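Dear colleague,

I am passing on the structure below, followed by some notes on what was found in it. Please read them with the model open beside you.

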Amino acid sequence: MSVGGNVDHELWAKVQEYLRAEFGKDAYDSWLKNLEFKGLEGGTVTISARTPFIRDWVRRHYASRIKDFFSRSNDEVYAVELVSSKSKAAAEDAAENISVASSSDVIEDSFGAKLDPRYVFDTFVVGKSNELAYAAALRVAESKEVPFNPLFLHGGVGLGKTHLMHAIAAEVRRKHPERKVMYMSAEKFMYEFISALRFKDSVAFKKQFRNVDLLMIDDVQFIANKNSTQEEFFHTFNALVDNRRQVVLSADRSPTDLTGIEERIISRLGWGLVADVHPTDYELRYGILQSKREQLSGPEISEEIIEFLAKRITSNVRELEGALNRVVAYADLVGRPVTLEMARDVLQDLLRANDRKVTIDEIQRQVAEYYNLRLAELLSARRARNIARPRQVAMYLSKQHTSRSLPEIGRKFGGRDHTTVMHAVRKVDDLRRTDSTLDEDIHRLSRLLAG
Ligand code: ADP
Ligand code: MG
């Protein structure tokens, strides 16, 4: 509950400053400046946009950062709700806000998340990189029996994990309306669990979860290091699996690479089917853009533009969609057809970011593989030389091949301090001069990273 609306408004002003600093003046002026802070209640911040279009845009591109900034100053905040001030939009919102919790509504609405109507199997474009995950998700949605338990989907951000989970929910709801389906982020799970503890109704909490036929928890990496939540999650998970109820989980990495989660939990997570979504290739990006183009109303998008975007925006599908939307929105706004020049201009920042090809994640993966280590070891606190040295090499390469700052790199390496990173960079720099094996390792790794 919020006390003192002024304090909240001050907080919002601060969040706006952060947003402006992070996304730059142009983006800020176009999308964020005119957002209106409506209030903070029960851990949810409500923000209003002037049109449904802006609302959707902000929801897709900025909502998670807005939430991060809020939670930085106020750890009660766990969700950001975007609404639009037009009344037609209000109706639309209501339609979207269907709870996934259960078709028969035995489970309280507050326990499920919202089902995004766009995230269905029909709109998911299948390619080499995601065909296993897609097939597995479809199987879970269509099977009478539990085909594999759990289904564990993992892969980098923006590659369609959440989309697939929502698609499963939508499909099960359509085909088997009697089944109870629950979808929730791991973060929300933790929040509900902690509230239940605080209000001493953890028995009800347990019951709610253990009654479902299909439980989906998104982004389980979030509960790493959160011990009591992890414990509760594990009990829930076991109870459901033992009762032959389907569980679907997602994470940004594979079960074996989840650090901060107990071994016994990890091993059980891998019992079912583990399916990864890989980064996209050109064909898939091209296919996705074509499919999005068909769904969009508005300015004509030429083949040339589609090819340009598919070639240049390689990071993930979320950014790819974002790029297309941005170009379309811009062309619509200025009333001119979309040209290549316009796309280059409007997408400057994205294009630049996508040119910086190598990510810290890739470097970590590559280095771990090169030195025959598990990613979890590389990111662990262990100081044994055979692990610590590769870790320093990975930090060094991160400094060299990305434009990330030392604190950012430190965060990516299990939350280490920037001075640790600085030390690693200097150390490796020094060693290279005298240790020709190390020097050769670094040359090789650099070549591997350059692809
Ligand atoms: P993740 O959960 O893996 O971070 P999301 O499921 O949120 O990623 O996907 C990000 C965006 O990209 C969503 O809007 C989603 O609809 C879209 N998307 C991802 N993969 C595909 C695909 N194969 N086909 C169509 N849209 C996709
Ligand atoms: Mg997701």
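**The largest cavity**

The lining of the largest cavity is made up of 5 nonpolar, 2 polar and 3 charged residues, where Ala, Val, Leu, Ile, Met, Phe, Trp, Tyr, Cys and Pro count as nonpolar, Asp, Glu, Lys and Arg as charged, and the others, Gly among them, as polar. This is a predicted model, in which local features need pLDDT of at least 70 and side-chain atom pairs count only at pLDDT 80 or more, while totals for chains, interfaces and linings use all residues. Residues are numbered from 1 along each chain as its sequence is written, chains are lettered from A and ligands numbered from 1 in the order in which they are written, and side-chain values use heavy atoms, with hydrogens and water left out.

The count comes to 1 cavity of 30 Å³ or more, a cavity being a set of points on a 1 Å grid over the protein atoms alone where a 1.4 Å probe fits but cannot get out, with lining residues having an atom within 4 Å of a point. The largest cavity holds about 60 Å³ of space, a volume being the space filled by probe spheres set on the points, which are joined across faces, edges and corners. Among its lining residues are Asp29, Trp31, Lys33, Arg50 and Ile54, and helix α1 (residues 5-32) gives the most to this lining, with 4 residues; helices (H or I, at least four residues) and strands (E, at least two) are DSSP runs numbered from the N terminus.

**Ligand 1**

Ligand 1 is surrounded by 18 residues, of which Val125, Gly158, His163, Arg318 and Glu321 are the closest, a residue being near if one of its heavy atoms lies within 4 Å. An oxygen atom of ligand 1 lies 2.7 Å from an N or O atom in the side chain of Arg318, and a nitrogen atom of the ligand is 2.8 Å from a polar backbone atom of Val125. Taken alone, ligand 1 exposes 560 Å², and the protein buries 96% of that, by the Shrake-Rupley method with a 1.4 Å probe. Helices α6 (161-175), α11 (282-295) and α13 (317-334) each supply at least two residues of the shell.

**Backbone**

The peptide bond from Asn149 to Pro150 is cis, with omega near -5°, and Pro150 sits in the loop between α5 (131-142) and β4 (151-155).

With best regards

Technical notes: Polar contact = N/O pair within 3.5 Å; in protein donor to acceptor, adjacent residues only side chain to side chain. 1 Å grid on protein atoms, 1.4 Å probe; cavity = no way out; pocket = protein on both sides within 12 Å on 5 of 7 lines; lining within 4 Å.
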